[in-house]
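Morning, everyone. Please bring up the structure on your screens, and we will walk through it together.

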Amino acid sequence: METQKPNAPQAAPEVPALGPAGSLAQLLSGERLRGGKRPRRPRRARWRAVVASVAGAAVLGGVLVWEPWADERAERTARPALGPSGRALAAVGAGAPAALPDLAALIREREAHLRAHPGDAPSWAVLGTAYVERGLRTGDFASYPKAEHALRTSLKAWPDGNVDALAGLAALANARHDHRAARTWGERAARLAPKRWATYPVLIDAYRGLGAAKAVGRSLKKLQGLTSGAAVMTWSGLVYRDRGWREDAAAKLTDAAALARGPAERAAALHRVGELAWERGEPAESLRYAEAALAADPGHHPSLAVKGRALAALGRTSEALRAYRSVLSRWPEPVYALELGEVYESLKLMPAARAQYDVLRARVREAGREGVNHERVLGLFEADHGDAEAAVRRLRAEFKRHGSPQNADALGWALHRAGDSEAGLELAEEAMEKGPRSAVFAYHRGMIERELGRYGAARRHLSLALRVHPNFSPLGAPAARRALAALGDPPEGGPAEVYAQPGTEAAKPTKPGRAR
């Protein structure tokens with residue numbers, strides 16, 4: 001790359017931002033910031049590299065810049081091999097997640113640099129974004145307050161045109177499941193630099209959390225028009241999955257996995273394919289992808305959870321319990337504690353189940369102290385295993401903040417469990433209409449319809465849940481089978497009645513008891 005002359009104006013370097021898959025790489029582009037000027041500095045410091053891991057490091061992905069402040073010496077200096085922090089930046093510049101040891105090295109290097117140069121606004125943005133990624137990748141929620149401090153310090157030092165700090169704050173809000181704040185920060189970043197592709201994955205993540213399908217589509221179209229490659233395939237696949245385009249989603253995610261380079265990138269890509277296979281009702285295929293992801297990166301905790309889920313569905317219970325216990329010992333994510341608790345409950349091991357439910361509550365409290373929102377997971381837990389009225393209050397507030405299909409489903413189910421099945425059905429219908437093809441959504445809707453005496457629709461949706469995934473939940477799938485058995489066969493002329501639409505009058509057998 002050519003060196004830049006000391007008196008030439010230089011665009012501010014880009015800082016990576018984060019997406020829901022926990023990859024710094026997904027949001028980094030080679031497009032440099034054009035939405036504002038850098039703060040003036042003394043001449044000798046003005047052209048200092050933003051994130052150089054070694055003196056005179058080469059440009060990678062628009063993050064590293066040559067150091068012309070060294071005058072003519074820069075032209076005579078050979079480019080050294082990259083160290084760990086340089087490799088982290090090289091990975092993100094190429095659109096890949098950095099290896100965790102390299103990410104840790106980058107954090108240490110930036111911390112040391114900022115102790116000596118506390119006014120370096122771009123380096124604060126790099127450090128803050130790296131903290132966000134560490135929190136996402138390791139479950140270390142304590143990284144998020146550090147990230148917020150670093151990113152706000154960057155914004156305070158450089159308030160005008162600091163798109164890197166804005167994108168980092170959007171990524172942090174998404175990581176905390178505060179999608180309204182993420183939308184606000186992300187839209188500010190996009191207005192400053194509309195051709196910076198790295199901002200659009202952050203916006204897609206925020207809009208998905210808000211249930212804003214049209215805005216998701218617009219952001220995906222902009223992303224696809226600005227760049228290509230594995231990152232775009234990944235985001236396209238996730239959006240297609242939300243739309244129910246399962247074959248298209250599988251093709252995009254599989255292509256992204258095929259293009260993966262390093263172990264961390266490969267594990268993340270294979271994990272996404274494995275999750276999609278699970279949702280399609282293919283636990284054996286899901287297990288295969290999870291094991292491939294773990295072979296690439298044994299520390300990829302989400303894949304270990306997918307492995308436990310798939311093993312439980314395949315009846316390999318002892319192995320499933322080992323996988324779940326292993327992931328929870330490394331990364332006590334509340335949803336994993338809920339899943340393990342329900343496996344124990346399905347085995348009638350109630351003391352072990354209650355212990356996991358206690359882990360869930362404790363982890364949610366811990367995460368809440370660091371600003372992380374787990375209201376949907378806690379609400380679903382309370383609806384099925386605790387206080388349904390409390391679940392309604394919690395989930396009603398969450399749905400008001402984030403009107404996604406997932407939150408519509410959760411609130412509808414909680415309302416049903418609390419005795420308001422009519423209101424619950426409206427939300428269950430909305431979730432199925434706007435959300436992905438989901439066995440859980442169909443199960444919830446079918447059970448609510450059964451409670452309301454809409455037996456034809458109940459048969460249809462309970463049968464659909466089991467067709468989509470015969471073992472979608474260790475507690476829900478058996479409950480769906482019991483409910484179908486209690487409903488019995490449809491009356492004469494049955495096939496038409498089975499597919500009756502909600503609200504139509506159908507022959508009704510004696511109302512069976514409610515199955516849980």
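Start with a term: two residues are in contact when heavy atoms of theirs lie within 4.5 Å. Keep that in mind for the first number. Take contacts in the protein between residues at least 6 apart in sequence: 59% of them join residues at least 24 apart. One caution before going on: this is a predicted model.

Now the overall picture. The protein has 516 residues, and 56% of them are buried. Its accessible surface comes to about 21500 Å². Carbon and sulfur atoms account for 51% of that surface.

Next, two helix pairs. Two packed helices are described by the angle between their axes and the distance between the axes.

Pair one. Find helix 19, residues 375-385, and helix 21, residues 405-417. Their axes come within 9 Å and cross at roughly 25°. Angles under 35 degrees count as roughly parallel, so helix 19 is roughly parallel to helix 21. The crossing of these two helices is left-handed. Which residues meet there? Helix 19 brings Arg376, Leu380, Ala383 and Asp384. Helix 21 brings Gln406, Asn407, Ala410, Trp413, Ala414 and Arg417. By class, this contact has five nonpolar, two polar and three charged residues.

Pair two. Move along to helix 23, residues 439-451, and helix 25, residues 476-487. Here the axes come within 11 Å, and the crossing angle is roughly 35°. The crossing of helix 23 and helix 25 is left-handed. From helix 23, the residues are Tyr443, Met447 and Arg450. They meet Gly476, Ala479, Ala480, Ala483, Ala486 and Leu487 of helix 25. The classes in this contact are seven nonpolar, one polar and one charged.

Last stop: a single residue. Go to the loop between helix 18, residues 350-369, and helix 19. His374 lies in that loop. Is His374 buried or exposed? The cut-off for buried is under 20% relative accessible area. His374 has 5%, so His374 is buried. What is His374 in contact with, leaving aside its neighbours within four places in sequence? The list is Phe141, His177, Glu333, Pro334, Val364 and Ala367.

Key:
Residues are numbered from 1 along each chain as its sequence is written. This is a predicted model: local features need pLDDT of at least 70, side-chain atom pairs count only at pLDDT 80 or more; totals for chains, interfaces and linings use all residues. Side-chain values use heavy atoms; hydrogens and water are left out. Buried means under 20% relative accessible area, exposed over 50%, partly exposed in between (1.4 Å probe, protein chains only). Accessible areas come from the Shrake-Rupley method with a 1.4 Å probe; for residues, only the protein chains shown count as cover. Axes are lines fitted to C-alpha atoms, for helices over the stretch in contact, and angles run from 0 to 180 degrees between N-to-C directions. Helices (H or I, at least four residues) and strands (E, at least two) are DSSP runs, numbered from the N terminus. A crossing is left-handed if the near helix is turned anticlockwise from the far one by less than a right angle, and right-handed if clockwise. Ala, Val, Leu, Ile, Met, Phe, Trp, Tyr, Cys and Pro count as nonpolar, Asp, Glu, Lys and Arg as charged, and the others, Gly among them, as polar. Angles under 35 degrees count as roughly parallel, over 145 as roughly antiparallel, 65 to 115 as roughly perpendicular and the rest as oblique.
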